[in-house]
Amino acid sequence: MYKFWLLWFAIAFLVQENGNCYAQEAQGMPGFGIETNLLAGKVIRHSRKFTAPIPALSSAFDINFVWQTYGRKDWQQRRRYPMVGIGITYTNYGNEAVFGNCLGIYPNLQVPIIVRNRVEWTLRFGDGLAYVTRKYQLGPPVDTVNTAIGSNLNDFFMFMTDVRFHLNKHWDAQFGANFTHISNADFHQPNLGVNMAGTHIGVRWFPNTSKPEKIYRELPKLPNRWLIEARLGIAQTEARSYGNPELPTYLTTVYASRRWHSKNKYYFGMDYAFHEDTYEELKYWSRFKGHEGAHSWDGGFFAGNEFMVGRLGLIAQMGIYYHQTYLKFDPVYEKIGGNFYLLRKEKGPVKELFLSAILLTHAIVAEFAEFGIGAGF
């Protein structure tokens, strides 16, 4: 643990020592800053199948390159001038022989909840990629205890909530709570994922200013329009059959959406997914012979909200199955992820065209990552 404290203070010291020189170069970058946090927490046993020993303490060091928006784009004003960033997190779960160490990089968004002159309460969430040094494997180096991670490359999710104190226009100090998740969305098995929750303290330094002058303009109110939308997607998972081949899951989603407050969309619709990995597994083990296809698809009804940030839409939805594969997961499922809009306009037969990346979970256990393309009419 002392190594993380030494690293944290060393970086803070170097940032301060080089502040004068860097500030001169950053005069044209109002709102740019560097944030460091020291995290301490514990791995959560989120499933009965998670049999690996839980370390007494897990720790992490997080550095985040942030930029305080000030209204150059319409969405920044509509979203109350959020802060965006690119974070890098190094995690030691407390048992390197089993879990190894994790290095994650993730774009993130911080939104204000309560803002006062000197104090604020914020939420920060981001998602990216992580490299984990240890994984389940039968060959050397053997690690059959770590059934949580099945591959070196994983998805990395970070959530933070902070109470922050503005010391001056250059320095902030904060403390708060955090949650991180890594998994490969069942691309390689076994893969329960690792969830860690804890607290953190940190500082933030702005070479120019943390409060650039905000741009206010009269923004047009966008109509609360309805759209019919469709999305086609594909996921890749490992079949429990000979050779454990990686096979696709084909997904189709149809839904209706309505814009509200000129910046969000709520929506509801239907999901359908056919799992080639499940179909292959049933054939291999001779189960439901002649009816494998009927037990290899699932579908659900869902509702959700899309949080619009420029061309990016951050989605969160919850659904309930009306039909499941023979595996019979929990009756409720969740999807989180994002849409990147290639086209958005108010008129015309096709009003939206987007690419999507979405993670499907049951509680906090991921099933697969879906990548697709969609359109709104």
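User: Which residues does Ala230 touch, not counting residues up to four places away in sequence?

Analyst: The model shown here is a predicted one. Ala230 has its place in strand β9, and at 32% relative accessibility it counts as partly exposed. Not counting residues up to four places away in sequence, Ala230 touches Thr253, Val254, Phe354, Ile373, Gly374 and Ala375.

User: What distance separates the C-alpha atoms of Ala230 and Tyr131?

Analyst: Ala230 belongs to strand β9. Along the chain, Ala230 and Tyr131 are 99 residues apart. The separation between their C-alpha atoms is 33 Å.

User: How many helices and how many strands are in the protein chain?

Analyst: The protein chain has 377 residues, of which 50% count as buried. Its C-alpha atoms fill a box of roughly 75 × 60 × 30 Å along the principal axes. The elements in the chain are four helices and 16 strands.

User: Why is the protein chain described as being as compact as a globular protein of that length?

Analyst: For 377 residues the globule rule gives 21 Å. The radius of gyration of the protein chain is close to that value, so the chain is as compact as a globular protein of that length. The radius of gyration itself is 23 Å.

User: What share of the contacts with a separation of 6 or more comes from residues 24 or more positions apart?

Analyst: Contact here means heavy atoms within 4.5 Å. Contacts in the protein chain with a separation of 6 or more form the total for this share. Residues 24 or more positions apart account for 62%.

User: How far apart are the mean positions of the positive and negative charges?

Analyst: The protein chain carries 39 positive and 32 negative charges.

User: Which element gives the largest share of the largest nonpolar core?

Analyst: The largest nonpolar core has 21 residues, and Phe50, Tyr93, Phe99, Cys102, Phe156, Ile182 and Val194 touch the most other members. The elements that give two or more residues to this core are β1 (32-44), β4 (101-115), β5 (119-132), β6 (153-166) and β8 (194-205). The largest share is three residues, and it comes from β6.

User: Is Tyr81 buried or exposed?

Analyst: Most residues other than glycine have a negative phi. Tyr81, although not a glycine, has a positive phi of about 55°, and it lies in the loop between α3 (74-78) and β3 (83-92). Its relative accessible area is 9%, which is below the 20% limit, so Tyr81 is buried.

User: Is Ser286 buried or exposed?

Analyst: Ser286 is found in the loop between α4 (276-284) and β12 (297-309). Ser286 is not a glycine, yet its phi is positive, at about 55°. Its relative accessibility is 51%, and over 50% is the condition for this class, so Ser286 counts as exposed.

User: Which residues is Thr209 in contact with, leaving aside its neighbours within four places in sequence?

Analyst: Thr209 has its place in the loop between β8 and β9 (226-238), and at 12% relative accessibility it counts as buried. The C-alpha atoms of Thr209 and Gly31 are separated by 5.7 Å, although the two are 178 residues apart along the chain. Leaving aside its neighbours within four places in sequence, Thr209 is in contact with Pro30, Gly31 and Lys169.

User: Which residues is Thr133 in contact with, leaving aside its neighbours within four places in sequence?

Analyst: Thr133 is found in the loop between β5 and β6. With a relative accessible area of 43%, Thr133 is partly exposed. Leaving aside its neighbours within four places in sequence, Thr133 is in contact with Gly100, Asn101 and Asn152.

Definitions and conventions. Residues are numbered from 1 along each chain as its sequence is written. This is a predicted model: local features need pLDDT of at least 70, side-chain atom pairs count only at pLDDT 80 or more; totals for chains, interfaces and linings use all residues. Side-chain values use heavy atoms; hydrogens and water are left out. The radius of gyration is taken over C-alpha atoms; the globule rule is 2.2 Å times the number of residues to the power 0.38. Buried means under 20% relative accessible area, exposed over 50%, partly exposed in between (1.4 Å probe, protein chains only). Lys and Arg count as positive and Asp and Glu as negative; His and the chain ends are not counted. The place of a charge is taken as NZ of Lys, CZ of Arg, CG of Asp or CD of Glu. A nonpolar core is a set of buried Ala, Val, Leu, Ile, Met, Phe, Trp, Tyr and Cys residues joined through side-chain atoms within 4.5 Å.
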